[in-house]
Structure formats: structure tokens, C-alpha cells
Amino acid sequence: MKKTFVVLSLFFAVACYEDDPSDPEGTITVRMRNSANGGTRVTPSGTGNYFYIDGANNFYGDYHKFVTIGPMKGLGNVTQIPSSGWASEVAVQPGYGYVARCESYGAYVRIYVVKYVEAVGGGIIGADVKYQSPFVP
């Protein structure tokens, strides 16, 4: 019985590892507060401009456009630059991947939202975010 449990445990551990690739080289992790709670501005390397999470929990940034890639298991799964779906702001959602384009520099950033950051008394005050820049697929 114990041997079966160990074998099954190892199988599931390996299966989960293969589905969740490690973060790409140059990944930066940041706890971003939304603008209603102190605001955290991120200026990725090579972009010259910052983006942030607004008070309605959307990614927004002057001279930035964003596209939501959808649910995925990590930053390494953002592998392409979409040709459509770009918007000046998009909803921040845990477990989702994004690509941002800095309009003034033509640089791309890949983004992954790990989880929301919640206040002690409740309510979303930001998100834990991973990103990599420059992103060249």
C-alpha cells in the first residue's frame, strides 16, 4: 500500500511539473497595488513607459496596448504576439497571460497574473504579476 502511494505521488508530481514550465530567463515578479491602493508602476526594460493596475483592476498604461491571451499555467506559456484583440485596458485576472506593446518604442512584454492581492478586511488591492521584457518570441 505504501509503495503504491509513493509511486502515484511521484507520477503526479512529474505530471504537474511538465504542465507548468519554469519561468523564462529574465522573469521579474512584482506585487502590484492598484491605483486605488497606492499604485505600483512597472517600467519594463526596453519600453521607456510604465503600466499599472487602475482602480477598476485593469492593466493600463500611457502608450501601451494590451491583449489577453487567456487562462494558462505560467509566463512560459505566453509564446506568441497576437495580431488582434489589442486594447488600451484589459481586466487583470489570476491565471491569465497577456502581452503588452509599448506603442512609442515598439517593444513587447509578456505578463502573467499569479493571484490577486487582497486586503486583510477583504477586497482586491492589486495582484502578484510576473513579466519578461523585452519579449521576442
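Which side chain makes a polar contact with the side chain of Q132? I began with this residue and found that the partner is the side chain of R110, at 2.6 Å.

**Entry 1: the model.** I noted at the outset that this is a predicted model. I looked up its confidence: the protein averages a pLDDT of 87, and 85% of the residues score at least 70. I then turned to residues 1-20, where pLDDT stays under 50. For this stretch the model has four contacts beyond four places in sequence.

Entry 2: I placed Q132 in strand β8, which covers residues 124-132. Is Q132 buried or exposed? I recorded a relative accessible area of 11%, and because values under 20% count as buried, Q132 is buried. Besides the contact with R110, I found that the side chain of Q132 reaches the backbone oxygen of E25 at 2.7 Å. Leaving aside neighbours within four places in sequence, I listed P24, E25, G26, L75, Y108, V109 and R110 as being in contact with Q132.

**Entry 3: strand β6 and its partners.** I followed R110 into β7, where it is the bridge partner of V99. Strand β6 spans residues 96-102, and I noted that it is mostly covered, with five of its seven residues buried. How many bridges join β6 to β7? I counted six, in the antiparallel sense, with β7 running over residues 107-118. The two strands form a hairpin with four residues between them. In the turn, I found that G106 has a positive phi of about 70°. I also looked up the pairing of β6 with strand β4 (residues 64-71), which is antiparallel over seven bridges. Here F66 stands opposite A100 in β6.

**Entry 4: a three-stranded sheet.** I next examined an open sheet of three strands, in the order β2-β3-β5, with antiparallel pairing. Its edge strands are β2 (52-53) and β5 (89-91), each of which pairs on one side only. Strand β3, residues 58-60, is joined to β5 by three bridges. I identified V90 in β5 as the bridge partner of F59.

**Entry 5: the nonpolar cores.** I found that the largest nonpolar core has 17 residues. Those with the most contacts inside it are M32, F51, F59, F66, I111, V113 and V129. I traced the strands behind this core: β1 (28-33), β6, β7 and β8 each supply at least two of its residues. Apart from it lies another core, of seven residues, among them V67, M72, L75 and F135.

**Entry 6: backbone particulars.** I kept in mind that most residues other than glycine have a negative phi, and that most peptide bonds are trans. Which residues depart from this pattern? I found that phi of N57 is near 65°, a positive value in a residue other than glycine. N57 sits in the loop between β2 and β3 and is buried, with a relative accessible area of 16%. For Y63, I likewise recorded a positive phi near 65°. Y63 lies in the loop between β3 and β4 and is exposed, with a relative accessible area of 55%. Finally, I looked up the peptide bond from S133 to P134, which is cis, with omega near -5°. I located P134 in the segment after β8.

Terms used. Residues numbered from 1 in each chain as written. Predicted model: local features only at pLDDT ≥ 70, side-chain atom pairs only at ≥ 80, totals over all residues. Heavy atoms only, no water. pLDDT = per-residue confidence, 0-100. Contact = heavy atoms within 4.5 Å. Buried < 20%, exposed > 50% of the residue type's maximum accessible area, 1.4 Å probe, protein only. Pairing = 2+ DSSP bridges. Polar contact = N/O pair within 3.5 Å; in protein donor to acceptor, adjacent residues only side chain to side chain. Core = buried A, V, L, I, M, F, W, Y, C linked by side-chain atoms within 4.5 Å.
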